[in-house]
Amino acid sequence: MLNRLGAGAAAAAFLLAAAPAFAQQTPTPSGEISRAQGEEMIRSMFGEVDANHDGVVDAAEQKALLDTARSQGAPEVAIAAIQRIFSEGAGADGKVTLATFSKARMAAFDKADANHDGKLSAAEQEASRAAAEKPKS
Ligand SMILES: [Ca+2]
Ligand SMILES: [Ca+2]
């Protein structure tokens, strides 16, 4: 099982990568996130959520993360974002591995990188967040 601190950190990191500007604090003073930083965040977040370290984030581990996020008062839009990034991060066999998850998240990173300079500026993070919060209907 995730311990409280680990789960909390993972939830925070998840929100950061799900829609970067959900997080109040950003890793660099300028608010930019480089591709390398993004990959590192994804890797460390995956490791935290994969509580039994079998290389797959299964349904129980996803639920544990969602429960933690809810108990910390995460808004429904953030919960929905977490659920969405897991469904996007699943491979053809339905399993969420670091490889499939990382691929999906970096695709989202590149999509959010509007000017293709390999970094997400604060403005690009904000635009990505706004898009994520828009209902898809
Ligand atoms: Ca696991
Ligand atoms: Ca950019």
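Visitor: Why is A99 called exposed?
Guide: The model here is a predicted one. A99 has 12 other C-beta atoms within 10 Å. A residue counts as exposed if that number is 12 or fewer, so A99 is exposed.

Visitor: Where does A99 lie?
Guide: A99 is part of helix 5. The C-alpha atoms of A99 and G55 are 9.3 Å from each other, with the two residues 44 apart along the chain.

Visitor: What makes G91 partly exposed?
Guide: For G91, 14 other C-beta atoms lie within 10 Å. The exposed class takes 12 or fewer and the buried class 20 or more. A value of 14 falls in between, and G91 is therefore partly exposed.

Visitor: Where is the place of G91, and which residues does G91 touch?
Guide: G91 belongs to the loop between helix 4 and helix 5, the latter spanning 98-112. Leaving aside residues up to four places away in sequence, G91 touches T97 and T100. Between the C-alpha atoms of G91 and F101 the separation is 7.9 Å, and these residues are 10 apart along the chain.

Visitor: Why are helix 3 and helix 4 called roughly antiparallel?
Guide: Helix 3 (residues 59-71) and helix 4 (residues 76-88) pack at an angle of about 165°. Angles over 145 degrees count as roughly antiparallel, so this pair is roughly antiparallel. Their axes are 10 Å apart, and the crossing of helix 3 with helix 4 is right-handed.

Visitor: Which residues in helix 3 and helix 4 meet?
Guide: From helix 3 come Q62, L65, L66, A69 and R70, and from helix 4 come A78, I79, I82, Q83 and F86. By class, the residues of this contact are 7 nonpolar, 2 polar and 1 charged.

Visitor: At what angle do helix 2 and helix 5 pack?
Guide: Helix 2 (residues 35-49) and helix 5 pack at about 145°, and their axes lie 10 Å apart. Helix 2 and helix 5 form a right-handed crossing. On the helix 2 side the contact involves R35, G38, E39, I42, R43 and F46; on the helix 5 side it involves L98, F101, S102, R105, M106 and F109. The contact of helix 2 with helix 5 divides into 6 nonpolar, 2 polar and 4 charged residues.

Visitor: What is the phi of H53?
Guide: H53 is not a glycine, yet has a positive phi of about 50°. Most residues other than glycine have a negative phi. H53 sits in the loop between helix 2 and helix 3.

Visitor: Why does H53 count as exposed?
Guide: H53 has 7 C-beta neighbours inside 10 Å. The cut-off for the exposed class is 12 or fewer, so H53 is exposed.

Visitor: What is the phi of H116, and what makes H116 exposed?
Guide: H116, which is not a glycine, has a positive phi of about 55°. H116 lies in the loop between helix 5 and strand 2 (119-120).

Visitor: How many helices and strands does the protein chain have?
Guide: There are 6 helices and 2 strands, in the order α-β-α-α-α-α-β-α along the sequence.

Visitor: What share of the residues of the protein chain count as buried?
Guide: Of its 137 residues, 34% count as buried. Among contacts between residues at least 6 apart in sequence, 62% join residues at least 24 apart.

Note on methods. Residues are numbered from 1 along each chain as its sequence is written. Chains are lettered from A and ligands numbered from 1 in the order in which they are written. This is a predicted model: local features need pLDDT of at least 70, side-chain atom pairs count only at pLDDT 80 or more; totals for chains, interfaces and linings use all residues. Axes are lines fitted to C-alpha atoms, for helices over the stretch in contact, and angles run from 0 to 180 degrees between N-to-C directions. Helices (H or I, at least four residues) and strands (E, at least two) are DSSP runs, numbered from the N terminus. Angles under 35 degrees count as roughly parallel, over 145 as roughly antiparallel, 65 to 115 as roughly perpendicular and the rest as oblique. A crossing is left-handed if the near helix is turned anticlockwise from the far one by less than a right angle, and right-handed if clockwise. Two residues are in contact if their C-beta atoms, placed from the backbone, lie within 7 Å. Ala, Val, Leu, Ile, Met, Phe, Trp, Tyr, Cys and Pro count as nonpolar, Asp, Glu, Lys and Arg as charged, and the others, Gly among them, as polar.
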